[in-house]
Amino acid sequence: MKNIVRIGMIGAGHIAYSHAEAWQEEATLTAVASRRIERARALAERYDVPNVCRNVNELLNRDDIDAVGITTPHHLHHPIAVAALKAGKSVFCEKPLALNGTQAREMCAAAETGCVKTGVQSGIRLFPALRLLSRLLREGKAGKIHTFDAHWSFDWARDPLFPLTWRFKRAEAGTGALGDLGVYMIDAARWLVGEIAQVNAELAVYVPRRPLLMSDGHFGELRRLHSEGVLEIPDRIGVVENDDVCQLLLRFENGARGSIRASRLHQEHSIRVDCERTSYFWQMTGDRRLMERSTETEYTSVECPEPTVDESIVSSFLSNIRRGGDEPPTFRDGLAAQLVIDTAVKSNDAGGWVDVEC
């Protein structure tokens with residue numbers, strides 16, 4: 001089974017290495033391309049990828065590639081995905097799917113014109129406890145869902161001296177914490193509760209200026225150097241163009257209410273779902289158990305069966321290719337999340353509730 005799907009990776013930065021680990025376990029890595037050829041060569045050497053391509057077109061023109069994995073900065077997702085789909089390649093894309101809903105719709109439309117499959121990175125769906133929670137909520141024993149509250153925050157940008165990378169620039173990243181981190185909880189909200197109908201959002205910048213980037217290292221390397229106190233900090237300063245923290249209030253189509261908070265300045269990862277007859281709570285720290293509270297006593301652990309198969313971010317995508325399936329998350333899920341992101345931006349600008357586009 002491993003050798004059936006041949007993968008070409010586009011992008012060789014920080015996140016590409018975690019994707020390569022997954023591809024290596026479940027498919028065959030055939031080629032890698034990057035704007036920075038030295039990064040492509042380094043990744044190819046690390047994972048024994050036989051071919052290094054000078055550009056995207058060279059990779060897409062290869063006959064020995066069935067599917068493409070995209071791990072580039074956000075603004076390149078759309079043009080690369082559309083080109084790959086038109087070339088007849090299935091496409092797996094890092095989140096967020098695009099910079100806006102218009103781009104995401106075009107990506108979905110391009111996928112519908114051929115016999116191809118799509119996938120979008122949604123690692124939140126892999127946690128066994130959250131899979132159990134999804135099943136419990138679908139079974140309906142907990143009763144009607146009342147509220148969904150989620151936090152998904154990392155503090156890598158807490159220090160104002162952390163440099164101004166592409167992640168802080170609107171043209172390359174789109175939104176900040178909202179699109180980079182909040183997208184996980186938007187996907188979780190849709191997966192666990194249902195479609196989101198309205199959003200009331202606030203997007204805030206707390207560190208408006210940062211030192212301009214001097215080092216050419218990828219994101220993981222910058223974080224390592226910064227944490228070790230050896231990253232060179234220049235005197236030149238640039239402007240942060242997107243949100244450090246986002247807070248979303250949600251109204252779901254099924255009547256439930258919710259909230260999402262995401263930040264690149266703080267650290268917290270948790271989900272709480274309150275239902276008619278019980279409440280569930282999960283956090284990523286510790287043993288990652290699902291906790292339940294159906295009475296006034298403290299939370300108790302919900303027994304979670306061990307997964308029978310180890311799955312990665314690419315497993316459902318590869319399964320869809322091999323079996324002709326359409327299991328989520330696909331580009332349609334990425335589009336749905338992007339429309340919520342777009343709505344949050346509109347809400348922040350308008351200062352109130354805004355309907356999510358269908």
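Thr118 is found in strand 6 (residues 118–120); helices (H or I, at least four residues) and strands (E, at least two) are DSSP runs, numbered from the N terminus. The model is predicted: local features need pLDDT of at least 70 and side-chain atom pairs count only at pLDDT 80 or more, while totals for chains, interfaces and linings use all residues. Residues are numbered from 1 along each chain as its sequence is written, and side-chain values use heavy atoms, with hydrogens and water left out.

Thr118 counts as buried because its relative accessibility is 10%; buried means under 20% relative accessible area, exposed over 50%, and partly exposed in between (1.4 Å probe, protein chains only). A polar atom of the Thr118 side chain lies 3.0 Å from the backbone nitrogen of Phe331. Neighbours within four places in sequence aside, Thr118 is in contact (heavy atoms within 4.5 Å) with Leu85, Val91, Ala111, Phe317, Pro329, Thr330 and Phe331.

Strand 5 and strand 6 pair in the parallel sense over three bridges, and Cys93 stands opposite Val120 in strand 6.

## Strand 1 and its partners

Strand 1 (residues 6–10) is largely enclosed by the rest of the structure, because four of its five residues are buried. Strand 1 pairs with strand 2 (residues 28–33) in the parallel sense over five bridges, and Gly8 stands opposite Ala31 in strand 2. With strand 4 (residues 67–70), strand 1 pairs in the parallel sense over four bridges; here the bridge partner of Ile10 is Ile70.

## Helix 1 and the crossover

Strand 1, helix 1 (residues 16–26) and strand 2 make a right-handed β-α-β unit. A crossover is right-handed if, with the strands pointing away from the viewer, the path from the first strand over the helix to the second runs clockwise.

The buried residues in helix 1 are Ala16, Tyr17, His19, Ala20, Ala22, Trp23 and Glu26. What covers them includes strand 1, strand 2 and strand 4, together with strand 5 (90–93), helix 2 (37–47) and helix 10 (315–323).

## Antiparallel hairpins

Strand 14 (residues 279–283) and strand 15 (residues 290–293) pair in the antiparallel sense over four bridges, with Ser279 opposite Arg293 in strand 15. These two strands form a hairpin with six residues between them, and Gly286 in the turn has a positive phi of about 70°.

Strand 15 also pairs with strand 16 (residues 300–301), in the antiparallel sense over two bridges. Glu292 stands opposite Thr300 in strand 16. Strand 15 and strand 16 form a hairpin with six residues between them.

Note on methods. Pairing = 2+ DSSP bridges. Polar contact = N/O pair within 3.5 Å; in protein donor to acceptor, adjacent residues only side chain to side chain.
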